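Here's a friendly walk through a protein model. Have a look at the sequence and the 3D view first, then read on.

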Amino acid sequence: MSKRILVIEDEERIAQLLKRGLIYEGYRVDVAYDGHAGLQLAREQPPDLVILDWMLPGLDGLEVCRRLRAAGDVPILMLTAKDEVQDRVQGLDTGADDYLVKPFEFDELLARIRALFRRAQPHSEPEVLRFADLELDTGTHRARRGERYIDLTAKEYELLELFMRNPRRVLTRETIFDRVWGYDFGGESNIIEVYVRYLRQKTEENGEPRLLHTVRGVGYVLREPDA
Ligand code: CA
């Protein structure tokens, strides 16, 4: 389910620009043009994140921020045309999680949003997942095959974690796309094959038997080596 973002911004041009851009990035977006409408929308359709303009008619952004914060812990990203440190500190004091000074680059906004979502994730205790002689530490993101430590890139880690949490279960390409990349490649991409190859290279570097098997026409499965 894609994340819902509530944009509270009275400048219609900016609001629509944000809406279009965020929808394009796969978010669901609601827009309110003043503070009262924003608070009402937040109650009716609880958002996963709020982008909140500081200068709003009527109820200003700081007050909206205070009230949102009093109601829950949704991440709040403040937009401000002001560039004074004092104001920023005040914004963070009222409970905003981050702020961005207008005008800003859309890519910068996306990066901040992703960072807020990462921080908002309930962090579970690190654990060590085990399958056969393969281990994966969810705290350090490092793997181990027997006595040999294996460094993984972020995507390799996510892919391996998915398999380690679903041992002996055949995962379809669709499931893998959805869980690791978060969107649909339309089945044309060979990116899964590429990453499976990376993982095999790393986990079989010393000639260890294969654990990550291809299920032709379907997907992949983590299971014991073939006898
Ligand atoms: Ca404004």
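How are the donor residues of the calcium ion spaced in sequence? The pattern is D-x42-D-x1-M. Asp10 and Met55 link distant parts of the chain, sitting 45 residues apart. Asp10 is in the loop between β1 (4-8) and α1 (12-24), while Met55 is in the loop between β3 (49-53) and α3 (61-71).

Before going further, a word on the ground rules. This is a predicted model, where local features need pLDDT of at least 70 and side-chain atom pairs count only at pLDDT 80 or more, while totals for chains, interfaces and linings use all residues. Residues are numbered from 1 along each chain as its sequence is written, and side-chain values use heavy atoms, with hydrogens and water left out.

Back to the calcium ion. Its protein donors are Asp10 (OD), Asp53 (OD) and Met55 (O), lying 2.1 to 2.3 Å from it. Donors here are N, O and S atoms within 2.8 Å of the metal (3.2 Å for Na, K and Ca), and since water is not among the atoms, sites may look incomplete.

How open are some of these residues? Buried means under 20% relative accessible area, exposed over 50%, and partly exposed in between (1.4 Å probe, protein chains only).

| Residue | Relative accessible area | Class |
|---|---|---|
| Asp10 | 30% | partly exposed |
| Met55 | 48% | partly exposed |
| Asp30 | 18% | buried |

Not counting residues up to four places away in sequence, Asp30 touches Arg4, Ile5, Leu6, Val7, Leu41 and Gln45. Contact means heavy atoms within 4.5 Å.

Now for the largest nonpolar core, which has 27 residues. Such a core is a set of buried Ala, Val, Leu, Ile, Met, Phe, Trp, Tyr and Cys residues joined through side-chain atoms within 4.5 Å. Among the members that touch the most others are Leu136, Leu159, Phe163 and Ile176. Helix α6 (154-164) is one of the elements that give two or more residues, and α6 gives the most, with six. Leaving aside neighbours within four places in sequence, Leu159 is in contact with Ile176, Val180, Tyr195, Val196 and Leu199.

Zooming out, the protein has eight helices and 12 strands; these are DSSP runs (helices H or I, at least four residues; strands E, at least two), numbered from the N terminus. Of its 227 residues, 43% count as buried. Among contacts between residues at least 6 apart in sequence, 55% join residues at least 24 apart.
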